[in-house]
Amino acid sequence: MKTCKIKMIWDDGVWIAESEDNLGIVLESSSFDNLVERVRDAIPEMLELNLDYTGDFQIHFEAERLVIETAAV
């Protein structure tokens, strides 16, 4: 079974998803859940187009969000 690795990063008000392999996925959304659905919809087509693969697959999501705060003085 093919494993698709997707890194999701919060950047300047939007979530960005990029594939860590040769899928070619780069998507964005203001909603984390919406982005997960967009990735799920895009992967079968990208697997077929870019990797000539049409079997079962699993998705490994890795999410990262950096928050910068200022300490009270």
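**Entry 1: Lysine 7 and its partners**

I started at lysine 7, which stands opposite glutamate 62 in β4. On β2, I found glutamate 18 as the bridge partner of lysine 7. Before going on, I noted that this is a predicted model, where local features need pLDDT of at least 70, side-chain atom pairs count only at pLDDT 80 or more, and totals for chains, interfaces and linings use all residues. Residues are numbered from 1 along each chain as its sequence is written, and side-chain values use heavy atoms, with hydrogens and water left out.

**Entry 2: The overall plan**

I counted one helix and four strands in the protein. Helices (H or I, at least four residues) and strands (E, at least two) are DSSP runs, numbered from the N terminus. Along the sequence I read the pattern β-β-β-α-β. The radius of gyration, taken over C-alpha atoms, is 15 Å, well over the 11 Å that the globule rule gives for 73 residues, so the protein is more spread out than a compact globule. That rule is 2.2 Å times the number of residues to the power 0.38. I also boxed the C-alpha atoms along the principal axes and got roughly 55 × 20 × 15 Å.

**Entry 3: How the strands pair**

I took two strands as paired if DSSP finds at least two bridges between them. Strand β1 (residues 2–11) pairs with β4 in the parallel sense, over eight bridges. β1 and β2 run antiparallel and are joined by six bridges. Their hairpin has two residues between the strands, and aspartate 12 takes a positive phi near 50 degrees there. Strand β2 (residues 14–19) is joined to β3 by four bridges, again antiparallel. In that pairing, isoleucine 16 has glutamate 28 of β3 as its bridge partner. The β2–β3 hairpin has six residues between its strands, and glycine 24 in the turn has a positive phi of about 85 degrees.

My cut-offs were under 20% relative accessible area for buried, over 50% for exposed, and partly exposed in between (1.4 Å probe, protein chains only). Of the 73 residues of the protein, 23% count as buried.

Glutamate 64 sits in strand β4 (residues 57–64) and is partly exposed, at a relative accessible area of 41%. Tryptophan 10 is 54 residues away from glutamate 64 in sequence, yet their C-alpha atoms are 6.5 Å apart.

Leaving out residues up to four places away in sequence, isoleucine 59 touches Cys4, Ile6, Arg40 and Ile43. I also checked leucine 27, 32 residues from isoleucine 59 along the chain: the C-alpha atoms are separated by 15 Å.

**Entry 4: Contacts over the whole chain**

Last, I looked at contacts in the protein with a separation of 6 or more: residues 24 or more positions apart account for 43% of them.

Definitions and conventions:
Contact means heavy atoms within 4.5 Å.
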